[in-house]
Amino acid sequence: MRVFDTDNQADVDALLEKTPVPEVRPRPLKYRYASPGALEIGLEPVEAAPDVLIPQSEWRERLEEAWEMESLPIHHMYDTWRPKGTRYNQDGLGYCWTWSGTGCMMTTRALESKDTVLLAPVSMGYLVGWANRGNYLASFVNGAREDGICPVPEGETFNMLNRSSSYWSQYDDLRQQYQLAKTWDTNRSDMTRQCISILYYGRSLYIAYNWWGHALELVGIRYNGNTMEWLISNSHNEDDVIVLTGSRAIPDEAIAFVSTRLRGA
């Protein structure tokens, strides 16, 4: 695992080099935490499930327990759709927002003990008119809830880059079998506690960093001495998770994918 200290400018520059323009946009005001707009697209405040939240005095103990039990999202991911050594690569396409969101969907299906079905991140390109441009996390969440994500066609991989509208239209019925159901939204003012609590609960988080202009999947947190390490599934041609430390490792936005469904189920 490569470690990047976000308080070290050289490490920050190395991360920014692969994201020369922002690929994910800061959340629109209409979808702010616990707002009517956020609730309308299914972003339920995690504070509505208070039993999930862990007090700071228990963070280290609970995380150590989760690592020992191998119950964190990173373990679900490693055991199913993304074993160590698997390349995860958007290959220069500005679609981090769907590579990371689709990864969260597959990890969520894994923790639900559903069959391992590779989903195609690029199939969500309809949300930006198939153009090569960034998007909002909220846009992906709403699309995954309303329409679902296409499975990878036979003979292709989840890193495929085909952005043909006519190509994907033939799979509209299949995408409805892989829909996002329940999500928990987080509050920037209590971000670390909420992320730790959700990870302990076994769910990964769809995250964004405004300073990086990048979206990723948060699959674990651990302590290394007194340093908190954030383990992240990144789509910049990585064959394993990367590790962020430092003050800017805390996400600006994070949405937990709690469950998935078939249309109408």
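**Pocket, salt bridges and core**

The largest pocket is lined by Tyr126, Trp130, Glu146, Asp147, Ser165, Trp168, Ser169, Asp172, Arg175, Gln176 and Arg263. This is a predicted model, where local features need pLDDT of at least 70, side-chain atom pairs count only at pLDDT 80 or more, and totals for chains, interfaces and linings use all residues. Residues are numbered from 1 along each chain as its sequence is written, and side-chain values use heavy atoms, with hydrogens and water left out.

Student: What counts as a pocket and its lining here?

Tutor: On a 1 Å grid over the protein atoms alone, a pocket is an open set of points where a 1.4 Å probe fits, with protein on both sides within 12 Å along at least five of seven lines; lining residues have an atom within 4 Å of a point.

Student: How much space lies in the largest pocket?

Tutor: About 150 Å³. That volume is the space filled by probe spheres set on the grid points, which are joined across faces, edges and corners.

Student: Which helix gives the largest share of the lining?

Tutor: H7, with three residues. Helix H7 (165–169) and H8 each supply at least two. Helices are DSSP runs (H or I, at least four residues), strands are E runs of at least two, and both are numbered from the N terminus.

Student: Asp172 and Arg175 both line it. How do their side chains meet?

Tutor: In a salt bridge, 3.9 Å from N to O. The term means a side-chain nitrogen of Lys or Arg within 4 Å of a carboxyl oxygen of Asp or Glu. Both residues lie in helix H8 (residues 172–175), three residues apart, about one turn of the helix.

Student: Is Arg175 buried or exposed?

Tutor: Buried, at 5% relative accessibility. Asp172 is partly exposed at 38%. Buried means under 20% relative accessible area, exposed over 50%, partly exposed in between (1.4 Å probe, protein chains only).

Student: New topic. How many salt bridges are there in the whole structure?

Tutor: The search finds 12. One of them joins Arg2 and Glu238 at 2.5 Å, N to O. Arg2 lies in strand E1 (residues 2–5) and Glu238 in strand E9 (residues 236–238), so the pair ties together parts that are 236 residues apart in sequence.

Student: Which residues are linked in a network?

Tutor: Arg27, Asp185 and Glu253.

Student: And the largest nonpolar core, how many residues has it?

Tutor: It has 83, and Tyr206 and Leu244 have the most contacts inside it. Helix H5 (residues 96–111) gives the largest share, six residues. Such a core is a set of buried Ala, Val, Leu, Ile, Met, Phe, Trp, Tyr and Cys residues joined through side-chain atoms within 4.5 Å.
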